[in-house]
Amino acid sequence: MLLRTDPLAPDREVIRVAVETLKRGGIVAAPTETVYGLFTHAQSDEGCAKVFRAKGRPPDNPLIVHVDSVEMAESVGHIPDELVDVLRRVWPGPITVVVKSRGIVSRCVTAGLDTVAVRAPAHPVPLAIIKELEAPIAGPSANKAGRPSPTTAAHVVEDLDGEVDVIIDGGPAFFGVESTIIDVTKKPPVLLRPGPFTVEELEKYFGSIEVPPAARGLAEADVALAPGMKYRHYAPNTPLIIIHFDLKEAVKALKMRGMRVAVLCAMGQCADADAVIQMGADLYEVAKNLYKSLRDLDRLGVDVGLVPAMEEVGLGLAVMNRLRKASGHRETYGIQDLLRYVA
Ligand code: TXA
Ligand code: MG
């Protein structure tokens, strides 16, 4: 069932249907400020099993528990005293913390770990659902495993039509990349996944943060830090290559070899090619259009896609992390380097 609502003033009937569905052990796809999520009641083994089945997610990759308050988070995990005030200031927002679990959510949700990932989403739709349900909801991004995260309801339909009880269309997600995840059981806290809440901002609230190579999306890091990090992430069927040098030179070199080339333009870096996808002029636009651009790349029928490297500051860290994964770590610094991938 596809239901529509104004994202900023959730339709009460839509929320009621979603809550009834969750209470019955059903699953609901809904927007958040980051990407669309696929939600179950966090205490329902049945609902959780449905989420894993619909998504095709390996059972050892845990879900994020979504709450409406720090109080609800405290019922789910052990929040260290010094963090309570910090979370009151940063939530609701695109930041997930990994803490020791109290074991009240389904074991399916935490994949049997003794830790749990928790966040309060800054989006009126999931917040209204959690409030009316009076319980946390758990869910991953609402894409099939191995596909880009959905940033519109149409993307959810594309991946999961017929496998979800309710899909709520609340327009495009606001940020377009998934929440920042930090493990606060470690000292200093470790960044597990960069997101819209930047490292620069995190450090204002949490003090210094460790940013391991894994968080930048570098290859060595496929060693699991976040359980999810060990899984292969979305890679388009069309090879995608990150370009750290002049895009126009890169396009020229590939055209000379008879290849059909698409360019994903970003931050004013662009080049003429067989196809051009505009991602945006600033990092917010680029993040918002990133997953849609990756979905579009495969529809173009070109031999290769090129994307300019971006500086890894602010939201740039999250964007480069996703691009590295989507490109299968094809990252090039000159023509010879580039030609290795297309030989
Ligand atoms: O913005 C978001 O976070 C979106 C929206 C729907 O909230 N959700 C999302 O979920 O991106 P998902 O499942 O695609 O990514 C959750 C990540 C996974 O990489 C998982 O391994 C990690 O969180 N995770 C969950 N529980 C964890 C834990 N206890 N320790 C470490 N990592 C954990
Ligand atoms: Mg995901």
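Is Asp169 buried or exposed? Select Asp169 to find out. The model is predicted. At 19% relative accessibility, Asp169 counts as buried, because the cut-off for that class is under 20%.

**Stop 1**

Now look at the arginine end. Arg4 has 59% relative accessibility and counts as exposed.

**Stop 2: Arg88 and Glu71**

Select Arg88 and Glu71 next. This is another salt bridge, and its closest N and O atoms are 2.8 Å apart. Arg88 belongs to helix H4 (residues 81–90), while Glu71 belongs to helix H3 (residues 70–76), so the bridge ties together parts 17 residues apart in sequence. Arg88 is partly exposed, at 43% relative accessible area. Glu71 is partly exposed as well, at 44% relative accessibility.

**Stop 3**

Move to Asp159 and Arg147. Their side chains meet in a salt bridge of 3.1 Å, N to O. Asp159 is in helix H7 (residues 153–160) and Arg147 is in the loop between strand S8 (137–139) and H7, so the pair ties together parts 12 residues apart in sequence. Asp159 is buried, at 8% relative accessibility. Arg147 is partly exposed, with a relative accessible area of 29%.

**Stop 3: helices H11 and H12**

Show helix H11 (residues 283–297) and helix H12 (316–326). Their axes come within 10 Å and cross at roughly 20°. H11 and H12 are therefore roughly parallel to each other. H11 passes H12 in a left-handed crossing.

Now colour the contact residues. On the H11 side, pick Leu283, Val286, Ala287, Leu290, Tyr291 and Leu294. On the H12 side, pick Gly316, Val319, Arg322, Leu323 and Ala326. By class, this contact has nine nonpolar residues, one polar and one charged.

**Stop 4: Val313**

Step back along the chain to Val313. It is found in the loop between strand S15 (304–308) and H12. Val313 is partly exposed, with a relative accessible area of 38%. Leaving aside residues up to four places away in sequence, Val313 touches Glu200 and Leu283. Leu283 is also one of the H11 residues that meet H12.

**Stop 5: helices H1 and H6**

Finish with helix H1 (residues 12–23) and helix H6 (residues 124–133). They pack at an angle of about 55°, with their axes 9 Å apart. That makes H1 oblique to H6. The crossing is right-handed.

Which residues in H1 meet H6? Select Ile15, Arg16, Ala18, Val19, Leu22 and Lys23. Their partners in H6 are Val125, Ala128, Ile129, Glu132 and Leu133. By class, the contact of H1 with H6 has eight nonpolar residues, no polar ones and three charged.

Note on methods
Residues numbered from 1 in each chain as written. Chains lettered and ligands numbered in written order. Predicted model: local features only at pLDDT ≥ 70, side-chain atom pairs only at ≥ 80, totals over all residues. Heavy atoms only, no water. Axes fitted to C-alpha atoms, helices over the stretch in contact; angles between N-to-C directions. Helix = DSSP H or I, 4+ residues; strand = E, 2+ residues; numbered from the N terminus. Parallel < 35°, antiparallel > 145°, perpendicular 65-115°, else oblique. Left-handed = near helix turned anticlockwise from the far one by under 90°. Contact = heavy atoms within 4.5 Å. Nonpolar A, V, L, I, M, F, W, Y, C, P; charged D, E, K, R; others polar. Buried < 20%, exposed > 50% of the residue type's maximum accessible area, 1.4 Å probe, protein only. Salt bridge = Lys/Arg side-chain N within 4 Å of Asp/Glu carboxyl O.
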